[in-house]
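Reader: Hi! Could you walk me through this one while I have it open on my screen?

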Amino acid sequence: MNTAPISPIRLFIPQDVAALAVGAERVVKAITSHAAADGTPITIIRTGSRGLFWLETLVEVETPAGRIAYGPVNPHDVPGLFNAGFLLGGAHPLRLGRMEDHPWLKGQTRLTFARCGIVDPLSLADYEATGGYKGLRHALAIGPAAIVETVTKSGLRGRGGAGFPTGVKWKTVADTKAPQKYIVCNADEGDSGTFADRMIMEGDPFGLIEGMSIAGIAVGATKGYIYSRSEYPHANRTMRAAIAEAYRTGRLGADILGSGVTFDLEFRVGAGAYVCGEETALLESLEGKRGQVRAKPPLPAHKGLFGQPTVINNLISLATVPVILAEGAAYYADFGMGRSRGTMPIQIAGNVRHGGLYETAFGVTLGEIVEGIGDGTATGRPVKAVQCGGPLGAYFPPMLFDTPYDYEAFAQRDGLIGHGGVVVFDDSVDMAAQARFAMEFCAIESCGKCTPCRIGSTRGAEVVEKIMAGREVDANLVLLEDLCATMKFGSLCALGGFTPYPVLSAVRHYPEDFRRRHAAAAE
Amino acid sequence: MPSASHRPTWDPFRAEAIIADHAQMPGALLPILHALQEEFGHVPEPAVPLLADALNLSRAEVHGVITFYHDFRHDPAGRHVVKLCRAEACQSMKGEHTASHLLRRLGIDWGGTTPDGSVTVEPVYCLGLCATAPAALVDGEPHGRLTPESLAGIVEEARRA
């Protein structure tokens, strides 16, 4: 090569677990050995993912014209890429150009995920060069009361699903006197179809650390816990390494950033219990107990972890705090619609052609998400149902695709946006089987504390089973409705209380799937 | 993830050392259980009284916690562990079909271990790989867009290794 550069060419390749799942490690190996054989010096920087998972493994090469992307790259593409001169941004069928210009990213508003997939997640230099710690420095300058006011004015609501205003929660804890307060990050992202928390832990862990530190300053809490999942071993490794790095550089511990403020942060991992994503069950689990739901009141804000006032927020809420403090409440609140302000990282998953993370202002319609952004099903068959908000969320038929992505608009149609998961199903899905699964999942994961959830879910699965077998379908459908009402109004938490959403939405929108055997028998 | 064949058998002194390492943490029980399972591949029954003593809990309380969480095994797993996702996003991409293929091939049910002790298949509900479904962790390594054939190949490769 006659244009051999003096310094190594820099390549950016994700080590997000979804990229690893489609072979990123083999791509890295192939590129490394090919470059070594050519005698071309390269440096590979491992990043999080930009969230366009159908393009993984996405390989970006730093050139004078910007970072030029190629994807999806498989190991067998590597020799061809070298032949095409991809290290200098050469033309190749997999060449995508600059990702900033890619329509899927251009259409987004990346506030919480601004750095994800771009920076080395464990480089504090990268973090600070892209605005990191600007929010915390501002928070230290304005003090606790003004921080709470900023978060309140931003309109940020809990991104775990309940949508409770974050600022109000913080104010309650700030106003409660106690010798010890806690910040707890709920990273127990158990909803199928969601991976936003995981992507932040793998792609921008310092953003979460900064957000939690700001929360600590705001309410007077000196200790924080992150409660993650055992199903996320890769995210957990990156997050733990980031915490160690933050301690090493004086960004956690006593006297953070030389401010005199103390904030300690500990990382904990759950053990495969979905219900621990419910905030009070999570607190029980952190205390070393069975993850059983607590009756409210008292609210965690008054009596939370170890009986002390506790801010417990979803990971995305906390990771969004730095940009709000850095850019101001109005900047954030300017995005969105109605009472849903700011942006939501929508996670498009399941049977979809363009699956991934799409952060956008509230208000985009469900149809735009599924048919436009997601580009329909991966199998190419028609969309039959879309489950929004995880296993406790309703199934939406294409008839309701005009629903705007907004907490209230979804609630009006007996649905929820939850943690932002959107799972697409094609027309091969049997909705009665999905209703049965919703009940079975509730039965497996019920903490057992309240009867409607513990018993109702098992009975519910049995009733759906009978309906599927064509036994007394009309009577059993009435029974199912009744059982769902009991679960909805009688359960202690959202597990039993919301399982009726997927079940009843399936019954309502797909009655034919519940009458198949019945109709067959009548013929 | 070390394979189970390299894991030590029950060693009360090692268990006590692990417990002592964590006992001062607030809410120490889960971190200790994870550490014990990491060491022994499961949470051995004789650990229960040691935990109860160290944390000032009843044996029933310790037993209650161990049995509440799906992760903690009562018996050692096979040399290779396949954690297969059964949640909705993977269902939408025929995950159940892929899973039943593997189980039939291995002649086991969910949670079971092959008679030769080489493979255990455990259900999980979401690995966060929902846009590359169906997905699994095989000995801790992620695999996405699985088909019955690709999954069988991955498991066979692990078995031979």
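**A chat about chains A and B**

Author: Happy to. Just after α12(A), A:Gly288 takes a positive phi of about 90°. Helices here are DSSP runs of H or I with at least four residues, strands are runs of E with at least two, and both are numbered from the N terminus. This is a predicted model, where local features need pLDDT of at least 70, side-chain atom pairs count only at pLDDT 80 or more, and totals for chains, interfaces and linings use all residues. Residues are numbered from 1 along each chain as its sequence is written, while chains are lettered from A and ligands numbered from 1 in the order in which they are written.

Reader: Thanks! Is α12(A) mostly covered or mostly open?

Author: Mostly covered: eight of its eight residues are buried. Buried means that 20 or more other C-beta atoms lie within 10 Å of the residue's own, exposed means 12 or fewer, and partly exposed is in between, with C-beta atoms placed from the backbone. Among the buried residues of α12(A) are A:Glu279, A:Glu284 and A:Leu286.

Reader: Ah, chain B. How many residues are in contact between the two chains?

Author: 44 residues of chain A are in contact with 35 residues of chain B. Contact is counted when the C-beta atoms of two residues, placed from the backbone, lie within 7 Å. On the chain A side, α1 (17–21), β8 (264–269), α12 (279–286), β12 (343–350) and β16 (421–426) each supply at least two residues. That side divides into 22 nonpolar, 14 polar and eight charged residues. Nonpolar covers Ala, Val, Leu, Ile, Met, Phe, Trp, Tyr, Cys and Pro; charged covers Asp, Glu, Lys and Arg; the others, Gly among them, count as polar.

Reader: Let's look at β16(A). Which of its residues are buried on each face?

Author: A:Gly421, A:Val423 and A:Phe425 are buried on one side, and A:Val422, A:Val424 and A:Asp426 on the other. In a regular strand the side chains alternate between the two faces of the sheet.

Reader: And what does β16(A) pair with?

Author: β12(A) pairs with β16(A) in the parallel sense over four bridges, and A:Gly350 has A:Val424 as its bridge partner there. Strand β14 (residues 383–388) of chain A runs antiparallel to β16(A) and is joined to it by five bridges; A:Ala385 stands opposite A:Phe425. Strands count as paired if DSSP finds at least two bridges between them.

Reader: Switching topic: how do α6 and α10 of chain A pack?

Author: Helix α6 (residues 134–142) and helix α10 (residues 205–219) of chain A pack at an angle of about 10°, with axes 9 Å apart. That makes α6(A) roughly parallel to α10(A), a label for angles under 35 degrees; over 145 is roughly antiparallel, 65 to 115 roughly perpendicular, and the rest oblique. Axes are lines fitted to C-alpha atoms, for helices over the stretch in contact, and angles run from 0 to 180 degrees between N-to-C directions. The contact includes A:Leu136 and A:Leu140 of α6(A), along with A:Ile214 and A:Ile217 of α10(A). The contact residues divide into five nonpolar, two polar and one charged.

Reader: Nice. How is chain B divided?

Author: Into domain 1 (4–68) and domain 2 (80–160), with bounds that come from an automatic or database domain assignment. Their C-alpha centres lie 28 Å apart.

Reader: What's the strand order in the chain B sheet?

Author: Four strands form an open sheet in the order β2-β1-β3-β4, with mixed pairing. At the edges are β2 (119–124) and β4 (141–143) of chain B, each pairing on one side only. Neighbouring strands are turned by 25° against each other on average, direction ignored. Three bridges join β3 (residues 136–138) of chain B to β4(B), in the antiparallel sense, and B:Val138 stands opposite B:Glu141.

Reader: Which strands does α7 of chain B lie across?

Author: Helix α7 (residues 148–160) of chain B lies across β1, β2, β3 and β4 of chain B, running at about 15° to β3(B). Helix α6 (residues 95–106) of chain B lies across β1 (80–85) and β2 of chain B, at about 155° to β2(B).
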